[in-house]
Each structure stands twice: as structure tokens, then as C-alpha cells.
Number of protein chains: 2
Amino acid sequence: MSDDRILITYLLTPSPGERAEDRARAIALEQTVELPEGCYPQRIRDSIVGRVENVERAGGARWRVTISYPSSLAGTEAPQLLNLLFGNISMQQGIVVEDVDLPERVLAGYAGPRFGIDGVRVACGDVRGRPLLCSAAKPVGLTPEELAERCGALARGGADIVKDDHGVMNQEPAPFRERVARCQEAVLRANAGTGGHTLYFPNVAAPRSQLEERVAVAREAGCEGVLVSPFLMGLDVLPALAASSGLILLAHPTFSGALSQPGHGLTPSFLFGRLLRILGADAVIYVNAGGRFPVSVEECSRINQRLREPWSRIRPALPVAGGGVDAASVPSWIERYGSDIMFLVGSSLYATDDLEGATRALATTLERQASV
Amino acid sequence: MSDDRILITYLLTPSPGERAEDRARAIALEQTVELPEGCYPQRIRDSIVGRVENVERAGGARWRVTISYPSSLAGTEAPQLLNLLFGNISMQQGIVVEDVDLPERVLAGYAGPRFGIDGVRVACGDVRGRPLLCSAAKPVGLTPEELAERCGALARGGADIVKDDHGVMNQEPAPFRERVARCQEAVLRANAGTGGHTLYFPNVAAPRSQLEERVAVAREAGCEGVLVSPFLMGLDVLPALAASSGLILLAHPTFSGALSQPGHGLTPSFLFGRLLRILGADAVIYVNAGGRFPVSVEECSRINQRLREPWSRIRPALPVAGGGVDAASVPSWIERYGSDIMFLVGSSLYATDDLEGATRALATTLERQASV
């Protein structure tokens with residue numbers, strides 16, 4: 001097989017009575033010519049239709065199938081790649097895209113993270129040897145002043161990054177422009193007091209026509225990064241912002257979940273660990289095991305691995321474990337996940353009467369890691 | 001309850017041992033404050049947190065739950081609405097968004113289809129009283145000349161709209177600019193011969209930075225509409241193009257499927273019938289029952305109804321039944337769905353040795369509907 005082909009490994013659950021080989025062949029057609037056998041020239045059959053490379057049992061009713069596709073189908077454009085990965089087959093059932101091997105010819109289209117793990121650490125004051133701490137100013141419905149007060153408390157407590165809650169966008173109680181000014185001001189004031197380097201990342205989720213303006217507002221306010229929700233805004237927003245914004249991109253998983261359901265979809269380790277990384281996220285929030293969302297710790301470890309491991313010339317991106325990470329559980333997660341990670345902790349800090357104090361306690365726990 | 005609230009009806013499958021009421025309350029928190037009870041001011045509890053309005057059994061292990069939210073959470077911006085509809089809860093399981101009642105204050109943010117059913121009929125030569133016929137130039141891998149030849153055959157046969165296949169974007173064998181020129185030319189030549197009004201809609205799926213240029217190329221070539229894949233490119237691409245392109249938008253469902261799986265997601269009738277309509281699709285392709293994708297005929301009828309029915313000042317959009325509609329089955333679908341529809345027929349025309357003749361036969365069947 002040529003090095004120039006895209007290899008996709010699927011976990012299939014064939015319908016009752018359906019042969020795994022037939023299902024595999026149907027996918028190879030659906031994702032390419034979208035026509036029955038024989039309704040296209042022989043040349044297309046040889047050069048374009050996916051080739052079923054391997055079919056094997058994967059336990060229970062599941063089969064692991066590998067299909068290869070010519071790299072020209074994806075070329076170097078993200079919508080082509082996404083369509084090849086999970087276009088029409090998304091509308092079927094029982095298909096999990098487990099992993100994808102992209103040849104250099106396809107990877108060449110993706111610059112990946114502009115800052116990556118190292119760039120995020122440098123921006124946070126060249127923090128080394130310990131996990132980073134992220135929290136959010138919340139909830140939606142507060143005024144800019146109230147959100148800024150929480151930003152200040154989190155910054156004084158020693159959070160490395162304070163982000164807008166992902167649901168805080170441009171609602172009446174706290175319009176974007178005013179909120180960014182107040183929150184950034186509060187974080188800078190806190191830094192001036194503590195000598196710290198906390199960064200404030202505003203949420204730039206916006207209608208397409210307003211995105212550029214919001215990013216400009218964030219940059220002009222002095223923010224060094226932004227929160228982006230690529231599943232809400234279109235995955236292709238990441239390469240666009242990575243190329244043009246000059247800002248660190250922290251990706252939020254909202255609206256992603258239907259894409260990675262257990263029996264059908266893209267695995268979290270592929271979606272968060274590979275796809276968001278090549279698309280240009282510098283730090284990737286995923287929902288951690290043991291929180292409010294159903295995901296296994298093994299899968300989370302795979303996400304961490306995918307984001308960190310060497311991969312062509314694509315910079316590593318920082319894993320961000322969130323979605324119900326309790327402050328008290330952080331030490332055990334560090335033991336499992338290591339130090340090259342950021343923890344997104346919200347509720348358990350807010351549940352105390354002392355946001356600043358609870359943040360400081362957690363930050364101190366993380367600091368101790370640096371000297372272990 | 002105020003007229004100013006967003007009402008969302010969910011079908012829930014609670015986890016074993018979980019009360020439906022508790023699950024409903026958890027959703028009301030997750031989709032708003034994203035904090036446990038008590039970790040936010042009383043004012044926010046009263047004004048922002050979703051209110052569980054109704055909980056009732058829906059058969060089997062399912063419950064129908066209605067939660068209302070203040071319209072300010074969605075405001076008039078699409079990313080805010082999408083996040084409220086299925087943001088963080090997308091990452092959970094057993095939640096189907098069945099229907100949504102949007103107050104005028106939210107609808108005011110959406111212009112809806114610029115052309116709608118009537119505009120599409122006018123553009124196709126003021127076709128009245130019969131369903132429209134759409135087909136695709138395919139497969140990917142052909143040269144611009146070969147695709148243009150198929151466009152010509154489909155146009156001479158009497159298709160109303162000939163679109164690019166959704167997987168044909170900007171790959172090496174048929175780069176966008178050259179393909180659009182050849183295909184549009186072939187359709188215009190066919191029209192000159194037949195006196196017909198066939199339209200060619202190129203597929204503008206593109207990296208964000210190139211979208212505007214592709215739309216301009218299509219417009220300058222004289223195309224009156226384009227194929228758009230909002231699930232690949234971000235749903236918000238529809239209002240952006242509806243406002244700026246001046247072109248008819250034909251929406252393709254590729255990459256949508258994970259969003260509407262049977263036990264978790266947005267129902268097809270909401271996703272295709274309501275959401276794409278307010279976002280500005282003039283014609284909406286959905287996968288029809290009886291084809292290659294699992295969907296019920298009742299749900300397809302509901303999509304048709306949602307797209308056509310009066311809804312505030314939002315124009316009706318044209319339902320487009322596709323995804324394996326066989327030419328031979330079209331008369332029975334007309335009986336069921338009525339005439340205000342477009343059929344997207346591909347494979348069964350290509351499976352004959354005579355693309356033009358097969359198209360003509362189907363077009364004649366549809367013509368006869370006009371005089372029934």
C-alpha cells in the first residue's frame with residue numbers, strides 16, 4: 001500500500017444478518033463515490049473507491065475494519081477531511097471511527113497549534129514541572145462587574161488561566177465588549193498585587209460576521225488567548241483563528257458530544273487528541289472520567305497521550321481535564337495523568353464560601369508538584 | 001409563564017435508579033449556570049436557571065420533559081442558541097431534543113430563507129404544481145469535463161437543479177474554479193437546446209478563508225444557488241451566506257448524523273425542519289425513509305411539515321428528500337408527501353446506461369403531476 005493513503009480504522013456493529021465485509025464495502029463506497037458498484041468508470045474504482053484492507057473480530061458483536069482512501073480525497077482542506085472521516089456515514093448507525101493515519105501529504109495542510117504546550121507554559125509565566133490550573137468566571141446572568149470580581153478572586157488565588165464560562169457569550173447581562181474590559185482589568189490588577197501571571201481568556205463564540213471583531217477586542221484589551229467552541233462554530237474556525245489571531249486557542253467541547261457517543265461517532269481520543277490538535281487548538285478541554293459525563297479513564301489517558309506525543313511537525317497541545325474535576329481529586333489525577341496537563345476546576349471552588357482561598361489551596365497543591 | 005421564554009421539550013431516558021425529575025433539574029442547571037444548586041446568587045436562580053415545567057411518562061423507559069429558559073440566554077445569536085439547545089448535554093446520554101418553541105424575541109435574530117419555496121420555484125422557471133427534481137454530478141474523481149458531461153445529460157433530461165456531489169469540493173481531479181466553469185457552461189448549453197431552466201449549484205464547502213472567494217466564483221459564473229454543508233462548515237455559515245451571497249442555499253446533511261441518533265440528539269424534524277429553516281436554508285436535503293439511512297417515514301413527514309408550515313415571518317423552505325430515493329418509488333412518495341417538495345435522485349439514474357433518458361423519464365413522471 002502506498003504511503004500516500006489515508007488509513008481509517010472503524011469499529012463496526014453490523015446489523016443483524018449483515019456480514020462485516022459487506023458493511024465495510026458499503027462504507028468504502030458511501031464515503032467516496034456514493035454510487036453502487038458498476039455505476040462509475042473502472043478508473044474510478046481503482047483510484048478513488050476506498051479499499052477494505054482488513055476485517056477482524058473485535059469482541060462481542062463488533063468488528064474492527066480498516067479502509068484506506070487516496071489522500072487526494074481529503075487533500076489539504078479541512079471540510080474535505082471531515083467529510084471523508086464521518087460525512088454521510090454519520091447518518092447511519094453502529095460506526096465508530098477509532099483512529100486515522102494521515103499521510104504527510106494531508107498533514108501538510110495543517111499548521112497545528114501555534115503555541116502548543118510550551119507556548120502556553122511560557123505565557124503563564126514560564127511555569128514548568130507542574131500542572132496548570134484553569135477556572136471559569138461564572139455563571140451566565142451575572143453583570144460584568146460581578147464576573148470581574150470572580151476573575152479577580154481566581155487570579156489572586158493563583159489560577160494560571162481564568163476563562164469565561166462557555167455559555168457566557170454576548171447576553172444582555174454581560175455584553176462581550178464591556179465584560180472583556182472589566183475582567184481583563186480585574187486580572188491585571190490581581191497580578192499587580194501578587195506578582196503573578198494569570199491570563200484571562202474571553203469566550204469569542206459569535207456569529208460568523210462578528211467573530212473577527214470579538215477577537216480584535218480581546219487582543220486590544222491585552223488578552224493573550226481566547227476560549228473557542230469549535231463544535232458550535234464549525235471545526236474549521238480553529239485553523240482560521242490559529243493563522244490570523246495571534247492568540248492562544250483554548251478549545252471547549254460544548255456541542256461535541258453527539259459526535260462521540262459510545263456506539264457511533266468519532267472516539268474522544270481521535271476527536272480531541274488528534275483532530276483538534278492538527279486543526280490548531282493550543283489547549284484542549286475534554287470531559288474527564290469521574291465527573292458529570294460518561295467517559296472512561298483509559299480513554300482520557302489516550303487523549304492525553306495523543307495530544308502530547310510527537311506527531312510529524314505538529315506541536316503538542318496541552319490536555320485540559322474538565323467537566324466536573326473536583327479540587328480534592330486533583331492529586332490523584334496528577335498521579336495518573338502526570339504533570340503536563342491543565343486542570344479545569346469550577347464547581348468545587350465555587351461551592352466553598354471563599355473562592356479566592358479555595359483557589360489558593362488548590363494552586364498550592366499544584367505548586368508542590370513542581371518540587372516533588 | 002412569560003411569552004418571552006424558550007420552551008424545550010426533551011425525551012429523556014434516565015439512568016437506572018435515576019428519577020426523571022432529578023435528571024430534568026440537572027439539565028436545567030447544566031445548560032445554564034453549570035454549577036450545583038446554591039453556588040450562585042438567588043437572583044440568578046430566579047432569573048437564569050431553567051425551569052422544569054412538566055415531566056410525564058412517554059412510554060417505555062422514556063419521559064417527556066419540558067424546561068423553559070429565559071430568552072436572553074439565546075438572545076439573537078446562533079452560537080448562543082445552539083449552546084442552549086444541545087451544548088454540554090450533548091456529552092451526556094439519553095437526551096433527545098424533541099421540539100423547541102422560540103419566542104418572537106429570539107426569532108427576531110433570524111432572517112430565515114432569503115428565497116424559500118417560492119423563490120426556488122421562480123428560479124427554476126416558475127415551476128408550479130409539481131415536485132422539483134434534483135440530481136448530482138458524480139462521482140468524485142472525475143475530471144471537470146466528465147462532470148460537465150453528466151451535468152449536460154441531467155439538464156437535457158429535465159432535472160430542475162443539478163448539484164455537485166457533496167463530496168466533490170476542490171480535489172485535484174476537478175478543482176473548484178475549473179469545475180464550476182465547465183459544469184455551468186454545460187447546463188447553459190443544455191438549456192439553450194431544450195428551452196429549459198435547469199440550474200447548476202456548485203458545492204462551496206471550503207476552508208473558512210476561501211469560502212467568500214468560492215461563492216464569488218459561483219456567482220460570477222452565473223450560478224443562482226450553491227450547495228452548502230452546514231454541519232461540516234458550522235451551522236452559522238447559513239445565516240452568513242443568506243445575508244451576503246444573494247444565492248439560493250441548498251443545505252446538505254453530511255456530518256449531521258451523530259446529532260440525531262435515535263436515543264440521543266436533536267430529532268431530524270427539529271434539526272432539518274426548524275433549525276436549518278431559521279438559519280436560512282432555502283431548500284433542505286434530508287435522508288428519506290426507505291433508503292440507505294435509518295429514519296421513519298413519519299419523521300420525514302414531520303420534516304416536510306415543519307419546513308412548509310407558517311412560522312412567524314420566516315419563509316417556508318423546500319423539503320428535499322434524498323439519500324437513496326429510487327426513481328421508481330417517486331410516484332408513491334408524491335402520494336405521501338404531496339407536490340411541494342424536491343426529490344434528489346442519483347444512483348438509480350446512474351445505474352441505467354442512459355443518464356439523460358432515465359432523467360427524462362423521471363421528469364416526465366413529475367410533469368404529469370402538474371396536470372393531475
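Me: Before we look at the sheet, what counts as two strands pairing?
Reply: Two strands pair if DSSP finds at least two bridges between them. Keep in mind that this is a predicted model.

Me: Great. What's the strand order in the open sheet of chain A?
Reply: The order is E2-E3-E1-E4-E11-E10, six strands with mixed pairing.

Me: And which strands sit at the edges?
Reply: Those are E2 (51-57) and E10 (260-261) of chain A, each pairing on one side only.

Me: How does E2(A) pair with E3(A), parallel or antiparallel?
Reply: Antiparallel, over six bridges, with E3(A) covering residues 63-70. Within that strand, A:Thr66 is the bridge partner of A:Asn54.

Me: Which strands does helix H3 of chain A touch?
Reply: H3(A), residues 78-86, packs on the sheet and touches E1, E3, E4 and E11 of chain A. Its direction makes about 130° with that of E4(A).

Me: Where does H11 of chain A lie?
Reply: H11(A), residues 268-279, lies across E4, E10 and E11 of chain A, at about 35° to E4(A).

Me: Switching to chain B: at what angle do H12 and H13 cross?
Reply: Roughly 60°, with the axes of H12(B) and H13(B) coming within 11 Å. That makes H12(B) oblique to H13(B).

Me: Which residues of H13(B) make the contact?
Reply: B:Trp333, B:Arg336 and B:Tyr337, meeting H12(B) residues that include B:Val297 and B:Arg308. By class, the contact has four nonpolar, two polar and two charged residues.

Conventions: Residues are numbered from 1 along each chain as its sequence is written. Chains are lettered from A and ligands numbered from 1 in the order in which they are written. This is a predicted model: local features need pLDDT of at least 70, side-chain atom pairs count only at pLDDT 80 or more; totals for chains, interfaces and linings use all residues. Side-chain values use heavy atoms; hydrogens and water are left out. Axes are lines fitted to C-alpha atoms, for helices over the stretch in contact, and angles run from 0 to 180 degrees between N-to-C directions. Helices (H or I, at least four residues) and strands (E, at least two) are DSSP runs, numbered from the N terminus. Angles under 35 degrees count as roughly parallel, over 145 as roughly antiparallel, 65 to 115 as roughly perpendicular and the rest as oblique. Contact means heavy atoms within 4.5 Å. Ala, Val, Leu, Ile, Met, Phe, Trp, Tyr, Cys and Pro count as nonpolar, Asp, Glu, Lys and Arg as charged, and the others, Gly among them, as polar.
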